[in-house]
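The sequence and structure are shown below.

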Amino acid sequence: MTPSDNNTVSSSEPRIERKELYAELESHLACKVLSFVTSERRGMETQIAQDCIDPFVDLLDAIGPTNRLALILHTLGGSTLAAWRLINLIRMFCEELYVLIPSKALSAGTLISIGADKVIMTKQAAMGPIDPSVSDPLNPQAVVNGQQTPVPVSVESVRGYLDAAREELQITDSEHLGSILVNLTTHIHPLVLGSIFRTQSQIRFLARKLLSQQIDNESTVESIIKFLCADSGSHDYTINRREALELGLEVDKPSDEVYAVLRQLHLSFMNELKESEPYSPHSILHGMNPMESVPYAIPRGFIESTDDKGYSFVSEGKLTLVTIPGDPPQEGVKDDRLFDGWRRYG
């Protein structure tokens with residue numbers, strides 16, 4: 001086995017098996033089925049972004065308008081506006097929308113979920129708060145794998161900092177509050193802070209529009225928004241099926257037959273994305289000589305249906321083992337990334 005064999009896009013066999021499982025779900029739920037999965041593999045995490053729209057348009061055009069559509073969703077989150085655009089796109093093609101969560105639909109994934117007529121969650125499934133993080137070139141920087149990388153800034157982290165000053169520390173004097181804000185701008189650029197406060201209002205607006213389509217009770221809508229955007233306390237908080245029901249969301253549990261299919265699909269996704277194996281360029285190049293290279297093509301997400309065609313988000317490039325001068329010299333890895341994006345198959 002060469003070093004790249006364990007990191008190439010896998011064969012079509014798992015996709016053929018998943019196609020059969022999608023067909024089973026369509027029979028059980030009397031609907032058409034799509035799946036949207038983004039990787040949480042450490043070092044190869046993938047987020048919901050605007051580039052998912054065109055693949056969805058392609059698959060939805062193939063399906064055509066339908067009475068009911070079910071979206072299998074697994075994601076840690078991503079762009080709020082991409083999630084908003086996606087949920088509205090899907091609803092253009094169906095009268096009734098189900099979101100099926102085998103394991104996780106967090107952050108922007110939760111925003112997509114609350115736009116469905118019904119959310120079907122397994123007993124281990126989780127949603128989460130929808131307080132977004134702002135990613136901008138002006139964000140604070142951190143060194144990750146030897147490179148300066150912008151650090152996402154959570155809307156609720158900034159809000160929590162300011163609330164703690166006012167409520168926990170009882171700082172009410174305008175001059176002192178002003179100095180706290182000025183101190184914050186030494187760590188977070190003022191334009192990023194402006195974007196954060198604008199985003200906070202935007203996410204509440206979007207959530208209200210989505211929830212109001214499914215829930216008639218305005219006070220229930222407001223309490224759900226308040227919890228998802230603030231009261232959960234942390235972006236890491238997870239919401240299981242029972243708590244989602246208590247919040248007032250339209251949530252149901254799968255039948256035994258549907259659960260079995262969702263479990264098989266989840267294991268197939270996780271196996272093909274190698275979720276249990278952290279991405280390690282040094283491991284891939286282990287045993288190679290300096291300046292030797294190996295190509296890679298690593299799957300990081302899927303958009304699929306029962307149709308023969310689908311999409312895989314792939315990172316492609318070349319890893320080279322290099323020697324870093326020093327006393328003593330050290331081994332390093334040069335990553336020439338040639339492509340990051342959705343590739344169609346079938």
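In this predicted model, 8 strands form an open sheet with mixed pairing, in the order β11-β5-β3-β2-β1-β12-β13-β14. Strands β11 (251–252) and β14 (330–345) stand at the edges; each has a single partner strand, so one side of each is left without a neighbour in the sheet. Strands of a sheet pair through backbone hydrogen bonds, in either the parallel or the antiparallel sense.

**Parallel pairing**
- Strand β1 (residues 32–38) runs parallel to strand β2 (residues 66–74), and 6 bridges join the two.
- Within this pairing, F36 has L73 of β2 as its bridge partner.

**Antiparallel pairing and hairpins**
- Strand β12 (residues 293–305) is antiparallel to strand β13 (residues 310–324), with 10 bridges between them.
- The bridge partner of S293 is T320 in β13.
- A hairpin of 4 residues leads from β12 to β13.
- Strand β13 also pairs with β14 in the antiparallel sense, over 15 bridges.
- The hairpin formed by β13 and β14 has 5 residues between the strands.

**Surface charge**
- A patch of negative charge on the surface gathers E13, E17, E20 and E24.

Note on methods: Residues are numbered from 1 along each chain as its sequence is written. This is a predicted model: local features need pLDDT of at least 70, side-chain atom pairs count only at pLDDT 80 or more; totals for chains, interfaces and linings use all residues. Side-chain values use heavy atoms; hydrogens and water are left out. Patches are made of residues with over 30% relative accessible area and no salt bridge: like charges are joined within 9 Å, nonpolar side chains (Val, Leu, Ile, Met, Phe, Trp, Tyr) within 5 Å. Accessible areas come from the Shrake-Rupley method with a 1.4 Å probe; for residues, only the protein chains shown count as cover. A salt bridge is a side-chain nitrogen of Lys or Arg within 4 Å of a carboxyl oxygen of Asp or Glu. Lys and Arg count as positive and Asp and Glu as negative; His and the chain ends are not counted. The place of a charge is taken as NZ of Lys, CZ of Arg, CG of Asp or CD of Glu. Two strands pair if DSSP finds at least two bridges between them.
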